[in-house]
Amino acid sequence: MKTRITELFGIKHPIIQGGMHYVGFAEMAAAVSNAGGLGIITGLTQKTAADLANEIARCKDMTDKPFGVNLTFLPVVDQPDYPGMVKAIIEGGVKVVETAGNNPQSVLPFLKDAGIKVIHKCTAVRHALKAQAIGCDAVSVDGFECGGHPGEDDIPNFILLPRAADELDIPFVASGGMADGRSLVAALALGADGINMGTRFIATKEAPVHENVKQALLAASELDTRLIMRPFRNTERVLTNAAVEQLLEKERTLGKDITFEDIAPEVAGVYPRILAEGEMDAGAWSCGMVAGLIHDIPTCQELIDRIMAQANDIIHGRLLKLAD
Amino acid sequence: MQNRITQMLGVQYPIVQAPMGWIARAPLASAVSNAGGMGIIETSSGALEEVRAEITKMRTLTDKPFGVNIAQAFVRDPGIVDFVVDQGIKFVTTSAGDPNRYCGPLKEAGLTVFHVVPTLDGALKAIAAGVDGLVVEGGEGGGFKNPRDVALMVLLPLIRSKVDVPIIAAGGMVCGRTMAAAFALGAEGIQMGTRMVSAAESPVHHNWKDAIIAAKETDTLFLNRHGPGPALRVLRTEKTTALDLNPQGDVRPEFANIRDLYFGGDLEASIALTGQVAGRIDSVKPVKQILEETIAEFEDEIARLCASYNAR
């Protein structure tokens, strides 16, 4: 399937595996890229720029297809070594960077000069327009369904995608709630040029996470995600567990007096314990509402092939019949 | 266009008008039915005598099929079944309650029954109760809500994969593109609420229609997600902003003055139940135009998808 996104990134299918903390290692990105999508290495999961350079080199050993690196710009005082990471990306010959978080303007000229395509993650139409204005090549429009940080506007994709389509000139992918060929066709109908999947790619054979994590996704229903850190205006959609419910109880009882120290036990440094060690109650980890739609653990190739086959059947079968 | 929904409901278009309390009365519902969709008369106002008169009026305004919604949380009178059967109604949607309560008697009387569901669990209970179809409502929609809101993008395909009955998608529905997306996810019909509130034939005060037209997609609030009291999706006003910041428990007393808002145009008098789709509505249009544009855009969108995207 050709779309503006496949053309822009030089990929076979309009499917991107968005950056995910402690999931987006070289194994994940290579598996998705080898299957015809765009795999993405998560920059900040690597401790240093040298580690990122090494991860990029490992990915290149596993695939000759295009892949990307996610760079998330955090609103923290002790900034990660962004210049070093940008250098590692450029020197590593990476073709695509997915930026997220704060405005990526500071690194954009360096990436563009190196011929790298930039896709920025946005949770609001006004942010997407800003990304377009500063020169991003594409945006990922993240609806309220999405795992991780859905922003504070709470606009699901049935509303957000057509709004984005009406306003944007640059291509965009739909992110949040994307699981199968049905979601791909729905996203295309609402004006997107492809899809971004996060949670769905965690439940694949190649995803380099503990088996307990994959089983937790299979067991989850559509009602099992929660929104945490809303009082900090840093909302994160996570899978519920004992730690998350404890965190939410603190948010309820402490109200406006809550500080980050109060919730640190449930959020600080928990990702490796959960995703690598499989300690499922160690804390909060990002998970989309789409977990309710995940019922198996295919390979990335099987997953992408069946999404494309199903999308084709829906468009040229079921929908075409109705319009005749 | 023919599918299970048009056949079961006997309508030209698989588009249903949502049963907004006080608003889904004869002028609006007859306009929808006459335009080829399914007009619905509400009961959630609880004003059954008025509703009876509205149904009588419908007979003079349209010879097309129309339905009645039984909002179970608001209609406690079990005589409601005889009431709709006596009126010769053929299509009923039930909502806000146990689907077992009225499904049996309504089906025995030969009616087609759809139940409104916000979760997979709710859908499976309705199927067990024997309903003919489901109205699957995402968290996008306006009005009284399940506090654990699920977006239609996830809810529709999830329920579709577990049930065989036809599904009408509700929440966010406003145009042919949303209809095509809902159909891609497995719906066979769509229900429009806020789009119908802001239709030319809608009886509400123009202040509310103007507010819907002015609203951005960020101009609704989801009240009481963590309780207390029922959850609601509402238009952002001074009153609802205050209720959002300081939840007041049961908000139902706020609805005592609802007619001052709906028909008097005082947006601070009560709570205007409004979906997020308000951000995609930019003019008041006659119902017939809304339906015809939706169907035309739906067909255009499918043609565009077929022409643009070949996966092989």
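Predicted model: local features only at pLDDT ≥ 70, side-chain atom pairs only at ≥ 80, totals over all residues.
Both faces of strand β4(B) are covered: B:Phe91, B:Thr93 and B:Ser95 lie on one side, B:Val92 and B:Thr94 lie on the other, and all are buried.

**A strand and its sheet in chain B**

Strand β4 (residues 91-95) of chain B is mostly covered, with five of its five residues buried. Its neighbour β3(B) runs parallel to β4(B), and five bridges join the two. One pair to look for is B:Val68, whose bridge partner in β4(B) is B:Val92.

Stepping back, how many strands form the open sheet of chain B? There are eight, in the order β1-β9-β8-β6-β5-β4-β3-β2, and the pairing is parallel. At the edges are β1 (15-17) and β2 (39-41) of chain B, each of which pairs on one side only. From one strand to the next, the twist averages 25°. Helix α2 (residues 26-34) of chain B packs on this sheet, where it touches β1, β2 and β3 (66-71) of chain B. The direction of α2(B) makes about 155° with that of β2(B).

Elsewhere in the sheet, strand β8 (residues 167-170) of chain B pairs with strand β9 (residues 189-192) of chain B in the parallel sense, over three bridges. Here B:Ala169 has B:Ile190 in β9(B) as its bridge partner.

**Chain B as a whole**

Chain B contains 13 helices and eleven strands. Its radius of gyration is 18 Å, close to the 20 Å that the globule rule gives for 312 residues, so chain B is as compact as a globular protein of that length. Along its principal axes, the C-alpha trace of chain B spans about 55 × 45 × 40 Å. Of the 312 residues of chain B, 56% count as buried. Among contacts in chain B between residues at least 6 apart in sequence, 63% join residues at least 24 apart.

Five of the six residues of strand β4 (residues 96-101) of chain A are buried, so β4(A) is largely enclosed by the rest of the structure. Strand β3 (residues 67-73) of chain A runs parallel to β4(A) and is joined to it by six bridges. The bridge partner of A:Leu71 in β4(A) is A:Thr99.

The domain assignment of chain A gives domain 1 (4-204) and domain 2 (211-289). The C-alpha centres of these two domains of chain A lie 23 Å apart. In the contact between them, 17 residues of domain 1 of chain A meet 16 residues of domain 2 of chain A. By class, the domain 1 side of this contact has seven nonpolar, eight polar and two charged residues.

**Where the chains meet**

The contact between the chains takes 42 residues from chain A and 42 residues from chain B. On the side of chain A that touches chain B, the elements giving two or more residues are α7 (157-167), α8 (181-189) and α14 (300-323) of chain A. Which of them gives the most? It is α14(A), with eleven residues. By class, this side of chain A has 26 nonpolar, nine polar and seven charged residues.

Eight of the eleven residues of α7(A) are buried, so α7(A) is largely enclosed by the rest of the structure. In α7(B), nine of the nine residues are buried, so this helix too is largely enclosed by the rest of the structure. The table lists the buried residues of both helices.

| Helix | Buried residues |
|---|---|
| α7(A) | A:Asn157, A:Phe158, A:Ile159, A:Leu160, A:Leu161, A:Pro162, A:Arg163, A:Ala164 |
| α7(B) | B:Leu152, B:Met153, B:Val154, B:Leu155, B:Leu156, B:Pro157, B:Leu158, B:Ile159, B:Arg160 |

What do the buried residues of α7(A) pack against? Within chain A they meet α6 (125-134), β6 (138-142), β7 (172-175) and α8, and from chain B they meet α7 (152-160) and α8 (176-184). For α7(B), the cover over the buried residues includes α7 and α8 of chain A, together with α6 (120-129), β6 (133-137), β8 and α8 of chain B.

Terms used: Residues numbered from 1 in each chain as written. Chains lettered and ligands numbered in written order. Contact = placed C-beta atoms within 7 Å. Helix = DSSP H or I, 4+ residues; strand = E, 2+ residues; numbered from the N terminus. Nonpolar A, V, L, I, M, F, W, Y, C, P; charged D, E, K, R; others polar. Domains from an automatic or database assignment. Buried ≥ 20, exposed ≤ 12 C-beta atoms within 10 Å, placed from the backbone. Pairing = 2+ DSSP bridges. Axes fitted to C-alpha atoms, helices over the stretch in contact; angles between N-to-C directions. Rg over C-alpha atoms; globule rule 2.2 N^0.38 Å.
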